[in-house]
Amino acid sequence: MPCTTILVGKDASYDGSCIMARNDDAGAGHFTPKKFVVIQPSEQPIEYESVLSHVKIELPKDPMRYTAVPNIDNEKGIWAACGINEAGVGMSATETITSNPRVLGADPLVVYDPDTNTPGGIGEEDLVYITLPYIHSAREGVERLGKLLEQYGTYEMNGIGFSDTKEVWWLESIGGHHWMARRVPDDAYIAMPNQLGIDYFDFEDAYGKKENFMCSADLKDFTLRWNLDLTLEGPFDPRAAFGSHDDADHVYNTPRAWYIERYLNPNTFVWDGEDPDFSPRSDDIPWCLVPEKKITIEDVKYLLSSHYQGTPYDPYMSYGDRSMAGAYRSIGVNRTSFLGIIQNRPHAKALEWISFGANPFNISVPFYVDVDQTPEYVSNTTASVDTNNFYWVSRLIEAMADASYKESLNIIERYQNAAFAKGHEIINRYDALISKETDPKAKESLCAKANQELADMAQKLSAKTLDQVLYQLSCNMKNAYARSDA
């Protein structure tokens, strides 16, 4: 699945949180309706079987409760996507990434063979479901998933994020059975489009203290044996060894990293003009940077909603030279199923911010995760269009606002700002109440009450906005006339 990920270290965020966010983008030609739910330990099987690859995995007998954003239709599997477990560990899976023929020739992907009924490996369908309920730290998440990849293999290339209150880790699969992971520096952020991204790797640390790097046991030998290291001088470059350098990357992937880093580090490099340090087509855009200011939830949402505002590449540009408008794949696209922002806060309960549909036109709503169930408005997504749930209301707003973009832009801005302001206000109020409570059950009850208030807020604001953009769109109908019949 095409997606975009932003990871933020605790010292780079506005409140000391570790932040992990990802657009979950569906494939072309269809919607993938999603819901935000809690999965209980009783719902976890002991023996798991993947729908797509038919691989069977024996799971531990002590799963934890966790949140998830699965497909409403399990015909192709669960696709739990992202969540936070009761130990406070977050996981986001996956960012579909790229490789090259040399890697895939040396360690082929493990693909299901229907003719012989030979199982394939694990993939995006499975990863959250078989990993998140069993880990107690971000580091432990890397270790568990790494072992699963080595044992069962994978049929696709993926990047996976793990977070807790202390650190964020990013794991990238390499071929069928290999992987590497790097800890996000506390004072930095990373921007990940759909390509292998890690641009520096320390094998000495990975095979020693494992402070900032981890990898499959034989990754270095694998790299040397198959002549994958392309470095002429200087440190080993894993992006060159294991990643792709296709023409398509320059249209589909690198522009996204360019725009995110251009926004968060506008003065660090030259991003525009005839001789920039980095352009949308640069292959060497840094994997991580220290931002010029601390990063907020609003920054993350804005960037993952981006259609390259303020550049010649904005498809919504309505004036000036439009020759390059829409030249590069936007970050916020019509195919986004949802955006999940995991916020592991150092002195308060973790939050999961949920958006459904195309990000340029939707809102992000925070929810506490220490609950037994989520509000109906975010969990009752239906297969057909229904304005009684957040997913389809968001879809309707996006389609109408896009079709009446100039007239609806101010409506959407007010909608988004109001949701953020009210969301922060509700969370601040309940944080104070929860901090004074000592009984765990009472704390959980407060979290559930807050979540319902947040869902009610989202429903009220969304219904109002739907009414407004519907009216604006109706004003653009071909049979509209200015004269009133009154």
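Which residues does Phe 242 touch, not counting residues up to four places away in sequence? They are Thr 98, Ser 99, Asn 100, Val 103, Ile 174, Met 180, Leu 196, Leu 219, Thr 223, Leu 228 and Phe 236, where contact means heavy atoms within 4.5 Å. This is a predicted model, in which local features need pLDDT of at least 70 and side-chain atom pairs count only at pLDDT 80 or more, while totals for chains, interfaces and linings use all residues. Residues are numbered from 1 along each chain as its sequence is written, and side-chain values use heavy atoms, with hydrogens and water left out.

**Interior**
- The largest nonpolar core contains 107 residues, and Met 180, Phe 242 and Phe 390 have the most contacts inside it.
- Apart from that core lies another of 34 residues, among them Tyr 48, Ile 78, Ile 130 and Ala 181.
- A nonpolar core is a set of buried Ala, Val, Leu, Ile, Met, Phe, Trp, Tyr and Cys residues joined through side-chain atoms within 4.5 Å.
- Of the 486 residues of the protein chain, 57% count as buried (under 20% relative accessible area, with a 1.4 Å probe and protein chains only).

**Overall form**
- Along its principal axes, the C-alpha trace of the protein chain spans about 80 × 60 × 50 Å.
- Among contacts in the protein chain with a separation of 6 or more, 71% are accounted for by residues 24 or more positions apart.

**Surface**
- The accessible surface of the protein chain comes to about 20,400 Å², and 51% of it belongs to carbon and sulfur atoms (Shrake-Rupley method, 1.4 Å probe).

Key
Buried < 20%, exposed > 50% of the residue type's maximum accessible area, 1.4 Å probe, protein only.
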